[in-house]
Amino acid sequence: MLNDLRASRPQTFAGASPSGEQLLVELASLRRQRMGLTGVTLFAALVTAGLLVAGSVRRNGSSETTFRSLLEAAPDAVVIVDEAGHIILVNNQAEQLFGYPRAELMGAPVELLIPQRFRAKHPGQRKDYAVQRRARRPMGSGLELYGRHKDGHEFPVEISLGRLETENGIYVSSAIRDVSERKAADEQRFRLAAIVESSGDAIIAKTLQGIITSWNQGAERIFGYTSEEILGKSVSVLIPREREREESEILASLARGERIDQFDTVRRRKDGSEIHVSLTASPVRDAQGALIGASKIARDITQRKRAEWDLAHAKDLAESASRELEAFSYSVAHDLRAPLRGMNGFAQVLLDTYQDKLDAEGRDWLNEIVLNAKRMGELIDALLSLARVTRNELKREPVDLSELVREALARLASAEPERTVELSIQPNLSANVDLRLTRVAFDNLTANAWKFTGKTVGARIEFAAAEQQGELIFSLKDNGAGFDMAFAKKLFAPFQRLHSAHEFPGTGIGLATAQRIVHRHGGRIWAEGIVDGGATFHFTFPTRSSSNGPREGQGSPARSETAS
Amino acid sequence: MNKTILLVEDNSSDEKLTLLAFKSCGIAHDSFVVRDGAAALDYLFATGAYAHREPASLPTVVLLDLKLPKVDGLEVLRQIRADQRTKLLPVVVLTSSREEEDVVRSYSFGANAYLRKPVEFAAFAQAARALGLFWLQWNEIPPAGAVS
C-alpha cells in the first residue's frame, strides 16, 4: 500500500478509516496538486488521513499500526499540534530534523522549533490559520521559512499545513521539509545565471536545428538583437551568406556530439555589419545523456584581430626595414670598400715602384694614404659587424664561456707570440646564449684586455664569475692602461675612444658591439677602471630574457638565477 | 694547352691591381679580362662577341666577382655548372663581400674557392699571387672534355 502511495496513485483506504469518503477526497486533492508541492502535499494528505484514523485509534488497534507506519514512512518531518499549539505527535523524521528526542517534543509548544525572532508572532498566526475554512495550504507562501535545530542552527524549510477537526478539537498538522540543498542549488543556479547574464561574451543556447533558445546580454551587446527579437529564430540570421555552409558543418559536428573549440570566424550583426568572433560550441545533453541542443559562446575578437593586423603590419615594416638595412650593409661592404682598395692599392704600388724617385717626405705621405685607407676599411668592417649583431636572430644554447675566453686569448697570443700575459680563467662557466654573437662579444672584450695590457709589465687577464643577489656576474679583468671612471659611460658608445690611436689603435666599435650583444641577450654590462690600474668588465646573461614580463624569482631572494 | 686566367671584374681599379699583383709573380700575360657577367658567359661558351673563339679552349681558372653588371656572379656560376662543357671548370669567387650568405651561396652553387678582396694592397697582392700560382702551377685541372 505504501508503495502505491509513493507512486501517487489515488487510493482508497479500505477499512483503514472510519470515514472512507473523506480520505478519498484528500487523495484526489493530492493528485490535483501534484505539479506543485507534490511530496509535501502527499504527506500532508497522509497525516490528515492518519489523524482521521487516529480518531479511531482507541477503537481499532490495527488502524493504529497502519497510521504509525504511514507516518514513519513519510520522508518529511511531521509535527501535529493541538489548538493550544502543543505538540501532540511527531515522527522519526521530525526528531532527526530538529534534533530533539520524541519525549522532549511531546507536549512542548511548537514555537520550540521556530527561530527566536519569529516566535512572538507565531501563536497569533497559528490561531488565524486554525479558524479559517480551507483545510490545507502551503504555509507562508512566498516567505522564507526557517526551522530551528536543538543546537541552535537554522535551516530553510517548506511547510505544508493541514487543519483537522476532530472530536478532541482542531489539530494542525505540518509536514516540514528541509530545503537547504534545494536552496543551495537554487542559489548556485541563480549565481550561474547571473554569471552567464553578466558575461561580456555572447552565450547562446540553440537546438540541434539551430533555433535559438537562450540569449544573454553579452549576445545582445555583440550582435545587436534583444532576446525578445531573437528567441525562437534560427541562428542563420547571424551568419554571413558566404558562411552558411560553415554553420551547417558546426551543427553537424554538434549533432555527432563533438565540441568546437575557439573557432575564429565572422558573424553578422543586426545592423548588417560583420564582426570577428571566436566560437566555442558544445553539445548539451539531458540527464539521460541524449543530445538536446548546443551551447555556444561567441567572443568578440575585433580588438584582437586589429591588434594582430597591427602586429603583422609592424612586423612587415620591421622586416622591410631589416631588408633595407641588409641591402645597405651589402652595398657598404661592396661599394665603399672597392674605392678604398683603389686608394690603398695605387698608393702602395706607387710607393713600391717609384721608391727611388721619392724622397723620405714623399714616401711618408704616401704611407699616410695607405694607412688611412686601411683604417677606413677597418671602420667599415667594424660597422658592418655591429649591424650584423642587431640583424641576426638569437639562437640560444648552453655555451662554455670559459672556453670562449680561452680560445679568444689563444688567438691573440698566437698573433703576438712575443708577448707574455698571465691568464687566469675560471673553468666551466657557462650560459644559455647565442654562440656566434657571444663569441664576437668575447673576441672584442678579450682583444680590448689584450690591447690595453700591451705596455704593462707583468700583464695579467682574469675571467671569473661571482653570484650577487641571485645573479651570476661574469667579469673580465686586466691590469692594463685602465681608464678614468668619469668617462665610463662613453666607453660603450660607438666610435668613442678614451685613448689616442697613437697610444692604442682601434676602431671604437668593439665595446659597443660587445654591449649590444649582451643587451640582446637581456643582460647588462658595465665597466670599472683606474687610470694605469686596469679595467674590469662585468656582464650578465640572464637565463630568461627580462622582456618576458617579471623575472622569475623576484621576491624570493633565495632563488639564484644561475646561467648554467 | 695555354694556361689562362679569366678575370670577371667590372671595377677597373680592382682589375689593374689584380693584374699588377699577377705581374709581380709573372703570370699577368696569362690573364683575360671581361667586365660583366654576360661577357663572361659569351667568352666561355664562345657566343656573341666571342663567337670566333674556340669553345673547347677554356681558361684554367675563372676569378669571378659577385656583383657584376648585366648578369650577376652567382648566375654566371650557375650557368657554368649547368653546362656539360664547363661543369668542372675551376671557379674562384673573388669579391668585396664577407656576408655569410654570399659565401654559403657561392659554395652551394659550386664555387671551388671564395676569396675576399682585402682593402690593403699588400694583402691583396699576396692573395692574388697565391691564387694565380696555385691554380696555374700547382693545381691539377680536370682533363679537357671530361664529364662526371
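**A tour of chain B**

Select chain B and follow the sequence: the pattern is β-α-β-α-β-α-β-α-β-α. That gives 5 helices and 5 strands; helices (H or I, at least four residues) and strands (E, at least two) are DSSP runs, numbered from the N terminus.

This is a predicted model, where local features need pLDDT of at least 70, side-chain atom pairs count only at pLDDT 80 or more, and totals for chains, interfaces and linings use all residues. Residues are numbered from 1 along each chain as written, chains are lettered from A and ligands numbered from 1 in written order, and side-chain values use heavy atoms, without hydrogens and water.

Now show the surface of chain B. Its accessible area is about 6,800 Å² (Shrake-Rupley method, 1.4 Å probe). Carbon and sulfur atoms hold 55% of that. Of the 148 residues, 50% are buried (under 20% relative accessible area, 1.4 Å probe, protein chains only).

Next, select residues 37-45 and 73-82 of chain B. These are helix 2 and helix 3, packed at about 20° with axes 9 Å apart (axes are lines fitted to C-alpha atoms over the stretch in contact; angles run from 0 to 180 degrees between N-to-C directions). The two helices of chain B are therefore roughly parallel (angles under 35 degrees).

Show side chains where they touch. Helix 2 of chain B brings Gly37(B), Ala40(B), Leu41(B), Leu44(B) and Phe45(B). Helix 3 of chain B answers with Val76(B), Gln79(B) and Ile80(B). Contact means heavy atoms within 4.5 Å. The residues of this contact divide into 6 nonpolar, 2 polar and no charged.

Note on methods. Parallel < 35°, antiparallel > 145°, perpendicular 65-115°, else oblique. Nonpolar A, V, L, I, M, F, W, Y, C, P; charged D, E, K, R; others polar.
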